[in-house]
Amino acid sequence: MPKPLPGQLTFVAPRGAKPPRHLADMDAAERREALAALGEKPFRADQLSRQYFARLSARPDEWTDIPAASRAKLAEALLPNLMTEVRHVSCDNDTTRKTLWKLFDGVLVESVLMKYPDRITMCISSQAGCGMNCPFCATGQAGLTRNLSTAEIVEQIAAGMRSIKAGDFGGTPGGAEGEERAVRLSNVVFMGMGEPLANYKRVIAAIRRLTEPAPSGFGLSQRGITVSTVGLVPAINRLAEEKLSVRLAVSLHAPDDELRDELVPVNTRWKVAEVLDAAWDYAAQSGRRVSIEYALIRDINDQAWRADLLGRLLKNHRAHVNLIPLNPTPGSKWTASRPEDEAEFVRRLQSHGVPVTVRDTRGQEIDGACGQLAAAG
């Protein structure tokens with residue numbers, strides 16, 4: 001795909017061949033219908049779903065509760081291989097692992113596993129590329145190739161969980177089904193490749209699969225899910241109506257329209273005030289604080305006066321600022337703020353009573369972790 005023009009936005013993904021239908025694309029009723037269409041008893045849908053979501057098994061020889069004569073047929077029809085690992089790269093003493101996946105049509109996407117002392121977080125992609133064209137973001141500069149299917153999103157999580165279960169990344173291998181492990185996947189962030197709210201229906205369906213209890217889904221807590229957006233106001237309003245308790249993260253990056261028009265081109269559609277109004281409504285509906293994502297870029301958006309302006313905008317609202325030291329991409333003019341400017345930015349925000357943290361810098365050795373992924377073969 002040609003490199004997008006400066007400020008060019010792509011809201012509708014190009015059409016192409018669809019991925020094969022997968023169990024994770026369907027809700028419980030649709031799975032029963034699919035099993036019946038294959039000549040199987042509808043209750044086999046729950047058995048197959050439990051193998052996939054609870055036992056994390058995609059191997060028919062392990063499905064001892066399903067007749068041997070049916071296993072291969074069900075696997076071929078409902079659990080096709082959607083993605084193949086091209087490579088993974090680890091850094092931060094093997095506490096950060098970025099994986100490059102090749103999808104059925106050769107498209108490349110990335111996901112990232114991050115291990116902390118008390119949890120494992122996974123950053124997943126919702127699109128191949130991104131149409132929001134933010135100039136400092138490697139993904140945005142690649143343009144939008146296509147939306148991922150619900151199952152392609154879910155399969156990233158399944159793959160991460162299988163690695164953890166096997167002891168390849170945190171946790172301990174083996175153990176009885178349902179046994180608590182020292183470290184488990186508990187947090188999922190939609191901050192990989194793509195603008196999640198531009199692939200709305202599939203992202204919402206994926207959240208349902210991640211959070212519904214087995215056999216319908218993985219049974220993760222909605223409170224452990226974060227959905228990031230550059231500020232698609234109609235979609236934020238729609239998300240508020242879903243009555244979910246996932247966290248909303250708004251990639252603001254500038255408190256003033258003049259600069260944000262340049263850094264986040266969608267601001268030419270929906271200005272800062274509109275985006276924040278939608279965020280406050282979401283906070284009221286969900287009962288969750290909104291995370292304001294702010295990548296600190298040297299001499300661009302890290303001035304003390306901008307910290308004051310941001311503080312005034314957020315003061316007395318249910319918000320938390322997540323300052324992100326920029327992971328520079330090769331050849332980019334955008335680079336991280338000086339330590340003293342970062343410290344002053346934090347001090348100014350705190351002086352307005354706004355809670356703020358500086359994100360742990362993960363993935364610098366592997367060209368970025370969340371939010372700035374750029375798949376390359």
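Two residues are taken to be in contact when heavy atoms lie within 4.5 Å. The model is predicted, and local features need a pLDDT of at least 70, side-chain atom pairs count only at pLDDT 80 or more, and totals for chains, interfaces and linings use all residues. Residues are numbered from 1 along each chain as its sequence is written, and side-chain values use heavy atoms, with hydrogens and water left out.

The secondary structure of the protein chain comes to eleven helices and twelve strands, where helices (H or I, at least four residues) and strands (E, at least two) are DSSP runs numbered from the N terminus. The radius of gyration, taken over C-alpha atoms, is 21 Å, which agrees with the value near 21 Å for a compact globule of 377 residues; the globule rule is 2.2 Å times the number of residues to the power 0.38. Along its principal axes the C-alpha trace spans about 70 × 40 × 40 Å. Of the 377 residues, 55% are buried, a term that stands for under 20% relative accessible area, with exposed meaning over 50% and partly exposed the range in between (1.4 Å probe, protein chains only).

Ten strands form an open sheet with mixed pairing, in the order E1-E2-E3-E4-E7-E8-E9-E10-E11-E12, two strands being paired if DSSP finds at least two bridges between them. Strand E1 (83–91) and strand E12 (356–358) stand at the edges with a single partner strand each, so one side of each is left without a neighbour in the sheet. Within the sheet, strand E8 (residues 225–229) and strand E9 (residues 247–251) pair in the parallel sense over four bridges, and Thr 229 has Val 250 in E9 as its bridge partner.

The loops around these two strands hold several backbone features. In the loop between helix H6 (200–211) and E8 lies Pro 215, and the peptide bond from Ala 214 to Pro 215 is cis, with omega near 10°. Lys 243, in the loop between helix H7 (233–241) and E9, has a positive phi of about 60° although it is not a glycine, and Lys 243 is exposed at 57% relative accessibility. His 253, in the loop between E9 and helix H8 (257–263), also has a positive phi, near 70°, but His 253 is buried, with a relative accessible area of 7%.

Helix H2 (residues 44–54) is mostly covered, with eight of its eleven residues buried, among them Leu 48, Tyr 52 and Phe 53. The cover of these buried residues includes helix H1 (28–37), helix H3 (68–78), helix H5 (150–165) and H6.

The structure holds six aromatic pairs, for which rings of Phe, Tyr and Trp (its six-membered ring) must have centres within 6.5 Å, planes under 30 degrees apart being stacked, over 60 edge-to-face and the rest tilted. One of them, formed by Phe 11 and Trp 270, is edge-to-face, at 6.1 Å centre to centre and 80° between the planes. Phe 11 lies in the segment before H1 and Trp 270 in the loop between H8 and helix H9 (272–286), so the pair ties together parts that are 259 residues apart in sequence. Ring pairs also link Tyr 52, Phe 53 and Phe 218 into a cluster.
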